[in-house]
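Thank you all for making time this morning. I would like to walk you through one structure, beginning with a loop and ending at the ligand.

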Amino acid sequence: MLAVRDLRSRYGRIEALHGVSLDVARGEMVVVIGANGAGKTTLLRAISGVQPITAGTVVFEGRRMDTCAPHRVVAHGVAQVPEGRQIFGPLSVADNLRLGAWSRRSDSRSNDKVLRWVYDAFPVLHDMRQRPAGSLSGGQQQMLAIGRALMSSPTLLLLDEPSMGLAPLIVRQIFDTLVQLRRDGLTILLVEQNANAALALADRAYVMETGHVTLEGTASAIAADPRVRDAYLGQGAAAQEH
Ligand code: ATP
């Protein structure tokens with residue numbers, strides 16, 4: 001479904017992606033793990049067209065995306081939940097969600113249908129639909145950011161660190177929702193520093209270090225790899241053994 005090949009991207013003179021390749025098949029949940037600054041965010045932003053690339057290709061369902069403007073990438077079915085949520089605090093929850101549908105060429109009736117689907121997935125957003133988005137808790141804001149991405153009716157959802165800054169119980173809720181969305185047919189590419197939680201859910205995983213993919217495999221094989229356990233699962237792996 002998604003094929004990324006030899007992707008390179010730079011910030012001025014500094015190259016952040018040194019030729020990254022990655023595949024996501026329809027229906028999969030794939031996770032990219034790696035330390036701060038490894039290039040995970042840059043990779044997601046390059047796939048969704050908001051980060052310029054200097055070489056390589058992004059092909060989604062047989063079409064080149066790396067030559068498309070970001071709104072065209074969304075229109076083709078790829079939606080991104082950005083790092084830090086980026087919701088519009090003064091706007092209501094409902095208005096934030098409606099903004100997620102702007103790139104769809106559809107009538108208000110079909111938008112209302114998608115809105116009902118999002119409210120079914122996140123009942124709390126329905127309860128709080130008239131409230132300013134900025135008054136929601138961190139977990140609710142993350143749900144809103146996911147809901148807003150779903151409003152474009154994507155087939156591939158890209159998520160950048162959805163667990164960031166959230167309590168473990170809330171992280172569990174968010175990840176449970178991702179599992180449910182995947183069951184409903186959505187394909188998911190997830191970037192996470194919370195490697196323990198993400199590897200427990202995903203089908204396959206990639207490990208990134210300083211702009212390179214250094215390991216890839218099934219999530220269970222990556223979770224069992226001693227190098228990954230030492231570098232990324234440290235305390236979590238130790239805790240699970242006791
Ligand atoms: P994090 O988990 O901290 O978000 P990451 O794996 O997502 O890390 P990126 O944010 O993609 O990593 O950063 C990759 C590299 O690019 C890092 O060396 C970072 O310092 C650099 N970088 C990221 N954004 C910018 C920017 N706007 N200007 C200059 N350099 C940047």
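Predicted model: local features only at pLDDT ≥ 70, side-chain atom pairs only at ≥ 80, totals over all residues.

Let me start at Thr210, which sits in the loop between strand 9 (204-209) and strand 10 (212-218), where helices (H or I, at least four residues) and strands (E, at least two) are DSSP runs numbered from the N terminus. Thr210 has a positive phi of about 35° although it is not a glycine. Most residues other than glycine have a negative phi. With a relative accessible area of 58%, Thr210 is exposed; here buried means under 20% relative accessible area, exposed over 50%, and partly exposed in between, with a 1.4 Å probe and protein chains only.

Residues are numbered from 1 along each chain as its sequence is written, and side-chain values use heavy atoms, with hydrogens and water left out.

Asp6 belongs to strand 1 (residues 2-11), and it counts as partly exposed because its relative accessibility is 49%.

Let me turn to the salt bridges, each being a side-chain nitrogen of Lys or Arg within 4 Å of a carboxyl oxygen of Asp or Glu. By this rule the count comes to 8. In one of them, the side chains of Arg26 and Glu61 meet at 2.2 Å, N to O. That pair links distant parts of the chain, 35 residues apart, with Arg26 in the loop between strand 2 (14-24) and strand 3 (29-34) and Glu61 in the loop between strand 4 (55-60) and strand 5 (63-64). Arg26 is exposed at 57% relative accessibility, whereas Glu61, at 38%, is partly exposed.

Glu28 forms a salt bridge with Arg204, and their closest N and O atoms are 2.6 Å apart. This pair too joins distant parts of the chain, since Glu28 is in the loop between strand 2 and strand 3 and Arg204 is in strand 9, 176 residues apart. Are these two residues, Glu28 and Arg204, buried or exposed? Both Glu28 and Arg204 are buried.

On the surface, Phe88, Leu91 and Leu99 form a nonpolar patch with about 240 Å² of accessible area together. Such a patch joins nonpolar side chains (Val, Leu, Ile, Met, Phe, Trp, Tyr) within 5 Å, and like charges within 9 Å, taking residues with over 30% relative accessible area and no salt bridge. Phe88 lies in the loop between strand 6 (78-81) and helix 3 (93-99).

Finally, which residues come nearest to the ligand? Of the 13 residues around the ligand, they are Asn36, Gly37, Lys40, Thr41 and Thr42, a residue being near if one of its heavy atoms lies within 4 Å. Helix 1 (residues 40-47) gives the most to this shell, with 3 residues. A polar side-chain atom of Asn36 lies 2.8 Å from an oxygen atom of the ligand, and a side-chain N or O atom of Thr42 is 2.5 Å from a ligand oxygen atom. The protein covers 59% of the 620 Å² of accessible area that the ligand has on its own, with areas from the Shrake-Rupley method and a 1.4 Å probe.

Key
Polar contact = N/O pair within 3.5 Å; in protein donor to acceptor, adjacent residues only side chain to side chain.
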